[in-house]
Amino acid sequence: MSTILPVFKALADETRLRLLHVLNRYELSVNELVTILEMGQSRVSRHLKILTGAGLLTSRRDGLWVFYSAPTEGEGREFIDAVAPFIDNDETLDPDMEMASTIIEERVRKTKQFFNAIAEDWDQLNREVIGDFDLPGAIIERMPRCKVAVDLGCGTGTLLERMLERSLKIIGVDGSPRMLELAKRRLIEDEDRISLRIGDLEHLPLRDGEADFATINMVLHHLSHPGKSLKEIRRVLRKGGLLVLADFDKHDNEKMRVDYGDRWLGFDMTNLALKLTEAGFALRQSSLHPVRNGLTIHLIVAENTQ
């Protein structure tokens, strides 16, 4: 009783039921929750603290931002699974879920808008952060010769151009039409070997096992659900296929959100390894590479074991 009583007390409030309902499906920041509930930040924060203290929510700090979501395992998860059918059937909570869905869609729209707007300057912006480090070259060194290779979040096609050295066919996927337009111009001489596809990296426009090799290069930190994207990458890779992942190590440079549209301020190695394992990959190699502005890049090779 000493354990379960705080849990029932935590849910004995309309606002906290509303919070649990949306956070059982989405991970949201405090500011986003303030918008959904149309309440002051201090009031929302108080309710979040109670739910977190009862084990019904978890929080994740990323720089100056704090994100909340329902736990994925443990007693809190088991309790939520037991009560969720009753909460989900309450139609009075539907407007909150609709607003949360709108916020997620707006995130995606803003990201696409951002990359379309800066497409012409993207290569220069990359150089300002990465400096003299030849990231495409480092990825190619880890890329085996193969029949089909895919670059996820291919941007203007800088890496695709070099991937032609090691693969008979190259697929480039990006969510920005403008980026793909510039990539097409860059690769016009080899268009018979290249397929450029617009698509969401959480719902890839590829068949199961279509690729022998995949790379996701400085893209994961822009995505709302990196783990979901890694599972999609595993799906489109054949068993034994390799993934080369390049992304920032964990940092606190908030300027990256404003200047480059970053969603996450990097990832520590423990977190990346866990996401890869959960997605069905086995870690084969990892290294760290310092770049500009005090930032460091993870370069990881993982194998699809499923």
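Met 218 counts as buried, at 9% relative accessibility (buried is under 20% relative accessible area, exposed over 50%, partly exposed in between; 1.4 Å probe, protein chains only). Met 218 is not a glycine, yet has a positive phi of about 55°. Its place is the loop between strand 7 (211–217) and helix 11 (226–236). Helices (H or I, at least four residues) and strands (E, at least two) are DSSP runs, numbered from the N terminus.

Asn 293 is also not a glycine and has a positive phi of about 60°. Asn 293 sits in the loop between strand 9 (281–290) and strand 10 (296–304). At 53% relative accessibility, Asn 293 counts as exposed.

## Basis of the model

This is a predicted model, in which local features need pLDDT of at least 70, side-chain atom pairs count only at pLDDT 80 or more, and totals for chains, interfaces and linings use all residues. Residues are numbered from 1 along each chain as its sequence is written, and side-chain values use heavy atoms, with hydrogens and water left out.

## Helix 3

Helix 3 spans residues 30–37 and is mostly covered, with 6 of its 8 residues buried. The buried residues are Val 30, Glu 32, Leu 33, Val 34, Ile 36 and Leu 37. Their cover includes helix 2 (14–23), strand 1 (28–29), helix 4 (41–53), strand 3 (65–69) and helix 6 (94–118). Just after helix 3, Glu 38 takes a positive phi of about 55°.

## Salt bridges

The structure holds 18 salt bridges (a side-chain nitrogen of Lys or Arg within 4 Å of a carboxyl oxygen of Asp or Glu). One of them joins the side chains of Arg 257 and Asp 62 at 3.3 Å, N to O. Arg 257 lies in helix 12 (residues 255–260) and Asp 62 in strand 2 (residues 58–62), so the pair ties together parts that are 195 residues apart in sequence. Both Arg 257 and Asp 62 are buried. A network of salt bridges links Asp 62, Lys 250, Glu 254 and Arg 257.

Arg 185 and Glu 181 form a salt bridge at 3.2 Å, N to O. These two are 4 residues apart in helix 10 (residues 177–186), so about one helical turn separates them. Arg 185 is exposed at 52% relative accessibility; Glu 181 is partly exposed, with a relative accessible area of 37%. Glu 210 and Arg 207 also meet in a salt bridge (3.7 Å, N to O). Glu 210 is buried, with a relative accessible area of 11%, whereas Arg 207 is exposed at 60%.

Methods: Contact = heavy atoms within 4.5 Å.
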